[in-house]
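Here is a briefing on one predicted model. Please read it alongside the sequence and the coordinates.

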Amino acid sequence: MKYDAIILGAGLSGLAAGIRLACFDKKVCIVEKHVEIGGLNSFYQMKDRWFDVGLHAMTNYSPKGVRSSPLGKLLKQLRFKHEDFQLCQQKESEISFPGVSLRFSNDFELFRQEISEKFPNQIDGFDQLTQRIRDHDDLSLKSGFLSSRSVLAEYLTEPKLAEMLFCPLMFYGNPQADDMDFTQFTIMFKAIFLEGFAKPLGGMRHILKLMVDKYKSYGGELRLGRAVKSLNLSSEEVNSVTLSKGEELQAETVISSIGYAETMRLCAPEKFPEDSLQDGEISFVESQYVLNVQPSEIGYDKSIVFFNTKDEFSYRKPKEMVDLASGIVCCANNFDYPKEQEGLIRFTFLANPDLWFGLSRTEYKEAKSYWQKKTLEAVVGFLPDFRDSVVFLDTFTPKTIKKFTGHANGAVYGSPVKIRDGKTPVKNLFICGTDQGFLGIIGATLSGVTVANIYGLKASY
Ligand SMILES: Cc1cc2nc3c(=O)[nH]c(=O)nc-3n(C[C@H](O)[C@H](O)[C@H](O)COP(=O)(O)OP(=O)(O)OC[C@H]3O[C@@H](n4cnc5c(N)ncnc54)[C@H](O)[C@@H]3O)c2cc1C
């Protein structure tokens with residue numbers, strides 16, 4: 001049997017691509033190597049509690065009725081109603097640097113006001129930068145690399161303010177060390193400062209379930225627990241796809257969400273040698289702490305804090321296993337949930353994948369508990385001490401991310417080289433998701449929609 005499309009990966013982009021194709025009566029099969037859907041944004045159960053893997057917050061919040069926003073477009077394309085996602089907005093977040101902090105919320109005016117108070121001589125430049133960002137076409141599939149550091153230097157003379165802007169935008173969506181492509185900067189600036197954060201009631205499990213139900217309701221096929229082992233080429237096209245249990249499938253079009261290098265490694269290695277493929281290196285360690293109190297009761301009232309303990313913000317693979325100098329603290333409770341949930345604080349730090357991958361099983365266990373302690377000490381150094389209230393703790397590392405998503409190096413944002421138009425050298429093989437360059441929950445989902453629309457529905461390649 002021949003499918004119209006086979007999709008590699010049942011993360012957000014793969015599921016979104018599947019829904020778009022299936023709803024136009026295409027015969028689609030999504031193949032996912034894990035037994036669970038969601039990929040980088042999946043969920044898991046431990047000691048009777050459900051946890052999200054990759055959810056601090058959903059960026060790009062926009063209210064009901066705004067159809068031109070990324071969220072509005074996504075809902076329309078996937079045929080969901082705004083209320084289906086059960087989004088609860090953030091209360092207030094913060095960027096915290098030595099001696100200065102900037103608060104922001106889903107009302108951009110608060111952020112602007114904070115900048116005009118804390119950096120009065122920068123506000124004109126910041127306004128001009130904001131206008132340039134608003135005018136920038138970040139959906140272009142053709143843009144090349146433009147250094148954000150050089151663009152920001154045109155508008156801001158205070159380096160600390162630039163570093164403070166970079167901190168959340170890089171942490172939430174930059175696959176590159178030190179600098180950031182300006183298009184990616186504008187996407188993240190709009191997603192975080194101009195639009196804002198929300199969390200779905202019920203976590204990502206809720207949204208993923210909606211997506212998979214919709215996909216199946218259109219007749220889409222989902223094969224869980226089946227890894228694609230090879231993409232078999234003949235005359236510059238994928239002719240068939242071999243799955244882990246030896247099964248072979250055929251399709252007109254193949255869309256892969258597993259990463260560009262990871263995809264090309266499944267094709268003929270002599271055609272795509274290792275030195276032509278570039279893996280990402282930006283990875284994280286993250287710990288989730290369940291508390292027996294509400295964080296607000298112990299004086300912690302922010303939704304998300306992006307902190308940096310030095311004047312300069314370093315965003316790169318650290319020399320040590322974990323970089324304690326900066327990170328993210330996210331409090332799931334400080335969103336507008338209609339009812340109280342168990343206290344949950346999670347924090348994230350940059351990590352060095354090579355050092356984590358090089359450990360034996362015993363060393364890995366020891367390193368995990370050592371860095372759990374160190375990261376906790378770093379956080380309670382500037383936030384209220386919640387150590388007496390912890391009832392459960394779980395930590396994951398670059399090794400965990402690699403194991404559960406297949407992304408080389410456990411690189412959360414994939415390769416620094418993005419394939420904006422989704423095309424590969426193989427005629428009927430396309431990339432969506434992380435390595436197409438649209439990151440995060442909304443970005444990855446829209447990427448799946450876009451690639452499906454262009455190559456799966458119009459077949460314009
Ligand atoms: C710790 C962490 C925190 C995050 N926090 C946020 C956040 O707060 N807000 C936000 O918006 N975004 C966040 N993200 C980012 C967001 O999760 C991702 O950008 C998004 O989920 C990527 O989706 P994707 O579909 O592109 O890729 P993936 O989710 O990686 O999907 C790829 C899928 O392909 C499967 N696969 C791999 N190899 C094969 C194979 N050979 N055969 C079959 N299947 C295969 C994988 O198992 C996976 O399910 C976070 C990510 C992490 C890891």
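Helix H11 has these buried residues: Tyr364, Ala367, Trp371, Gln372, Thr375, Leu376, Val379 and Val380; buried means under 20% relative accessible area, exposed over 50%, and partly exposed in between, with a 1.4 Å probe and protein chains only. Helices (H or I, at least four residues) and strands (E, at least two) are DSSP runs, numbered from the N terminus. The model is predicted, local features need pLDDT of at least 70, side-chain atom pairs count only at pLDDT 80 or more, and totals for chains, interfaces and linings use all residues. Residues are numbered from 1 along each chain as its sequence is written, and side-chain values use heavy atoms, with hydrogens and water left out.

- The 20 residues of H11 should span 28 Å at 1.5 Å a residue, and the end C-alpha atoms are 29 Å apart, which agrees; the expected span is 1.5 Å times one less than the number of residues.
- Helix H8 (residues 203-217) has 15 residues and reaches 22 Å from first to last C-alpha, close to the expected 21 Å.
- Buried positions in H8 are Gly203, Met204, His206, Ile207, Leu208, Met211, Val212, Lys214 and Tyr215.
- After H8 comes Gly219, with a positive phi near 95 degrees.

**The seven-stranded sheet**

- Seven strands form an open sheet in the order S7-S6-S14-S15-S16-S13-S17, and the pairing is mixed; two strands pair if DSSP finds at least two bridges between them.
- Strand S7 (100-104) and strand S17 (390-396) stand at the edges with a single partner strand each, so one side of each has no neighbour in the sheet.
- From one strand to the next, the twist averages 15 degrees; axes are lines fitted to C-alpha atoms, for helices over the stretch in contact, and angles run from 0 to 180 degrees between N-to-C directions.
- Helix H11 (residues 361-380) packs on the sheet and touches strand S13 (283-291), S15, strand S16 (343-351) and S17, its direction making about 110 degrees with that of S16.
- Strand S14 (residues 304-308) runs antiparallel to strand S15 (residues 326-331), and five bridges join them.
- Val305 has Val329 in S15 as its bridge partner.

**Salt bridges**

- The model has 28 salt bridges, each being a side-chain nitrogen of Lys or Arg within 4 Å of a carboxyl oxygen of Asp or Glu.
- Glu114 and Arg103 form one of them, with the closest N and O atoms 3.2 Å apart.
- Glu114 belongs to helix H3 (residues 108-118) and Arg103 to strand S7, so this pair ties together parts that are 11 residues apart in sequence.
- Glu114 is buried at a relative accessible area of 3%, whereas Arg103 is partly exposed at 29%.
- Glu114 also meets Lys118 in a salt bridge of 3.0 Å, N to O.
- Both Glu114 and Lys118 lie in helix H3, four residues apart, about one turn of the helix.
- Lys118 is partly exposed, at 34% relative accessible area.
- In another salt bridge, the closest N and O atoms of Arg346 and Glu286 are 2.0 Å apart.
- Arg346 lies in strand S16 and Glu286 in strand S13, so the pair links parts that are 60 residues apart in sequence.
- Arg346 and Glu286 are both buried.
- Shared partners join the salt bridges of Glu92, Arg103, Glu114, Lys118, Asp301 and Lys302 into one network.

**Leu102**

- Leu102 lies in strand S7 and counts as buried, at 0% relative accessibility.
- Leaving out residues up to four places away in sequence, Leu102 touches Ser93, Glu94, Ile95, Phe111, Glu114, Ile115, Lys118, Phe119, Leu161 and Met164.

**Domains**

- The chain is divided into domain 1 (2-85 + 202-278 + 413-457), domain 2 (91-195) and domain 3 (281-402), with bounds from an automatic or database domain assignment.
- Domain 2 and domain 3 have C-alpha centres 24 Å apart.
- Their contact takes 24 residues from domain 2 and 24 residues from domain 3.

Terms used:
Contact means heavy atoms within 4.5 Å.
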